[in-house]
Amino acid sequence: MPGLKALARETRSSIRTVAISGTDTERDGDYARELAQVGISYISGADHLRLALGVGSYPYGVLLDEGGVIQSKGFVNNLEHLESLFALEVFSLSSEPSKAGSVGLVEEVAQ
């Protein structure tokens, strides 16, 4: 997903981006190396994480705070969808300044 790579490049110093795939295929190694070039960690064969995060289908984004608490989530198929996860987080931070800080993004990716 090109939007994920662009976002990871722009936010590398403050946000950890992790791509998760429910499958485990031969192509995963190449894809993991490609994502690592822009600072994205990749976990394959991690369908249990999808279930733990309450994600029904791919591609799906989950924005977590530094404590691992879900701040926003939703279907992500382009950069605008990813940005909307952050817009929801900024909106909630405006009413609770104590939550400010770095956040992590876990994005489910289909292969």
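Guide: Confidence comes first. The mean pLDDT (the predictor's confidence in each residue, from 0 to 100) of the protein chain is 74, and 77% of its residues reach 70 or more. Over residues 91-111 the pLDDT is below 50, although this stretch has 71 contacts in the model beyond near neighbours in sequence; a contact means heavy atoms within 4.5 Å. Where pLDDT is low, the predicted coordinates should not be read in detail.

This is a predicted model, in which local features need pLDDT of at least 70 and side-chain atom pairs count only at pLDDT 80 or more, while totals for chains, interfaces and linings use all residues. Residues are numbered from 1 along each chain as its sequence is written, and side-chain values use heavy atoms, with hydrogens and water left out.

The protein chain has four helices and five strands, taken as DSSP runs numbered from the N terminus (helices: H or I, at least four residues; strands: E, at least two). Their order from the N terminus is α-β-α-β-α-β-β-α-β. Of the 111 residues, 40% count as buried, where buried means under 20% relative accessible area, exposed over 50% and partly exposed in between (1.4 Å probe, protein chains only). Among contacts between residues at least 6 apart in sequence, 58% join residues at least 24 apart.

Now the core itself. A nonpolar core is a set of buried Ala, Val, Leu, Ile, Met, Phe, Trp, Tyr and Cys residues joined through side-chain atoms within 4.5 Å. The largest one holds 15 residues, of which Leu4, Ala19, Leu35, Ile40, Tyr42, Leu82 and Phe86 touch the most other members. At least two residues of this core come from each of α1 (2-11), β1 (15-20), α2 (27-36), β2 (40-43) and α4 (79-95). Apart from this core lies another, of five residues, including Leu53, Val55, Tyr60 and Val62. In soluble globular proteins, nonpolar side chains tend to be buried together.

A search of the whole structure finds one aromatic pair, with rings of Phe, Tyr and Trp (its six-membered ring) pairing if their centres lie within 6.5 Å; planes under 30 degrees apart count as stacked, over 60 as edge-to-face and the rest as tilted. Tyr31 and Tyr42 form this edge-to-face pair, at 5.3 Å centre to centre and 85° between the planes. The pair links distant parts of the chain, with Tyr31 in helix α2 and Tyr42 in strand β2, eleven residues apart. Both Tyr31 and Tyr42 are buried.

Two other sites complete the view. Ser72 lies in strand β4 (residues 70-75) and counts as buried because its relative accessibility is 5%. Glu66, in the loop between β3 (60-65) and β4, counts as exposed because its relative accessibility is 52%.
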